[in-house]
Structures are given as structure tokens and as C-alpha cells.
Amino acid sequence: MLIIQDCREKCGHHNSIIEYCKTHEIPLIRKRLEVGDDMLGEIKCGKVVPIGKRSIDTKSGGISELCADLYRDKKEFNKKYRKCYENGIELYVLVEQEIKSLNDILSWSSPHSKISGKMLYDMIDRVRKSYGVKFVFCKKEDVAQTIINILSP
């Protein structure tokens, strides 16, 4: 197993993933990815290339970051989601915040805007139905293991 992490990801945001890969002797290479932050990879003809049909877009800022991305950048995110969908790539949005179920989003309220939990839930539901995007929520300390679980063949 080899993990490719998008090189445009800010250094320091995902140190737990880097440490997990070191501890478990999983090669992690930073390289530009067309979609998402993490994908499986392999070395072909001396070059690192993504393989598989799963990509993970990590939201280290939790539900607030997810909300901001879905609300503010609708055009950009719809383009990314559509690209995954059209290329048969399963996109997982991994939110670093633990909730029991998506219904918990309904009672969420934004500390930074007037977006309600219901509005966010509807945005998530639209993206799920339109593009098949899967949303996964977990504790920060479980992010690395969750990434490995999602990407494992």
C-alpha cells in the first residue's frame, strides 16, 4: 500500500496521517492530485500514479469547514464532485468531528454564519444524491485509521 497525499494540502494539518504511515511503514508521497486529498498510489515506470477509484477530501476544520465549503464555494465544489462522478471515482468527504449520524447535523448551528443545521443537511443531501459523495465523520485521533480503512482495497 502506498498513499498519495495532495501536495497542495497545508503542511501540518494532517500530521497524524504522516505519523500513522511512518509507524505502520506505509509509504506516503506528496504529489498533486486531480481530486481529493488522499488516494492509493503505485509506482509505474518510475512515476507515482494514483490507482483505485476512491479519493478522500479531508475537512480538518470539522463541520464548520464543511459548511463553509459547501455554502461559499458551490460552483468550485460542484465542479470537483462532478469530475469525480464522471470519472467513476468514489469521493469520501472525511469530516474531523464525531457525530452519531447525519441526523445530528440538523441540530448543528454555525458559530460564524446564519446557516442552520437543516440548511447544511440539505446541502449534504443534494451532493450525496447528485454525485454519490459519501460523508464520513470521525474523531481527530481516528482520521489516519479511517483514511486507511476507506482506501484499503
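Colleague: Which residue in S4 is the bridge partner of glutamate 42?

Modeller: Valine 49 is the bridge partner of glutamate 42 in S4. Strands here are DSSP runs of E with at least two residues, and helices are runs of H or I with at least four, both numbered from the N terminus. Two strands pair if DSSP finds at least two bridges between them.

Colleague: Before we go on, what sort of model is this?

Modeller: A predicted one, where local features need pLDDT of at least 70 and side-chain atom pairs count only at pLDDT 80 or more, while totals for chains, interfaces and linings use all residues. Residues are numbered from 1 along each chain as its sequence is written, and side-chain values use heavy atoms, with hydrogens and water left out.

Colleague: OK. How many bridges join S3 to S4, and do they run parallel or antiparallel?

Modeller: S3 (residues 38-44) and S4 (residues 47-59) run antiparallel and are joined by 6 bridges. Their hairpin has 2 residues between the strands, and cysteine 45 there takes a positive phi near 50 degrees.

Colleague: And in what sense does S4 pair with S5?

Modeller: Parallel, over 6 bridges, with S5 covering residues 90-96. Threonine 58 has leucine 94 as its bridge partner in S5.

Colleague: Switching to cysteines, how many disulfides are there?

Modeller: The count is 0, taking a disulfide as a pair of cysteine sulfur atoms within 2.5 Å. For cysteine 84, the nearest cysteine sulfur belongs to cysteine 7 and is 17 Å away. Cysteine 84 counts as buried because its relative accessibility is 1%, where buried means under 20% relative accessible area, exposed over 50% and partly exposed in between (1.4 Å probe, protein chains only).

Colleague: What about cysteine 138?

Modeller: No disulfide there either; the sulfur of cysteine 21 is the nearest cysteine sulfur, 14 Å away. Cysteine 138 is also buried, at 6%.

Colleague: What does threonine 146 touch?

Modeller: Leaving aside neighbours within four places in sequence, threonine 146 is in contact (heavy atoms within 4.5 Å) with Leu94, Val136 and Cys138. Threonine 146 lies in helix H5, residues 143-151.

Colleague: Why does threonine 146 count as buried?

Modeller: Because its relative accessible area is 14%.

Colleague: Last one: where is glycine 117?

Modeller: In helix H4, residues 117-131. Glycine 117 is buried, with a relative accessible area of 2%. Its C-alpha is 4.2 Å from that of leucine 106, 11 residues apart along the chain. Beyond neighbours within four places in sequence, the contacts of glycine 117 are Ile105, Leu106 and Trp108.
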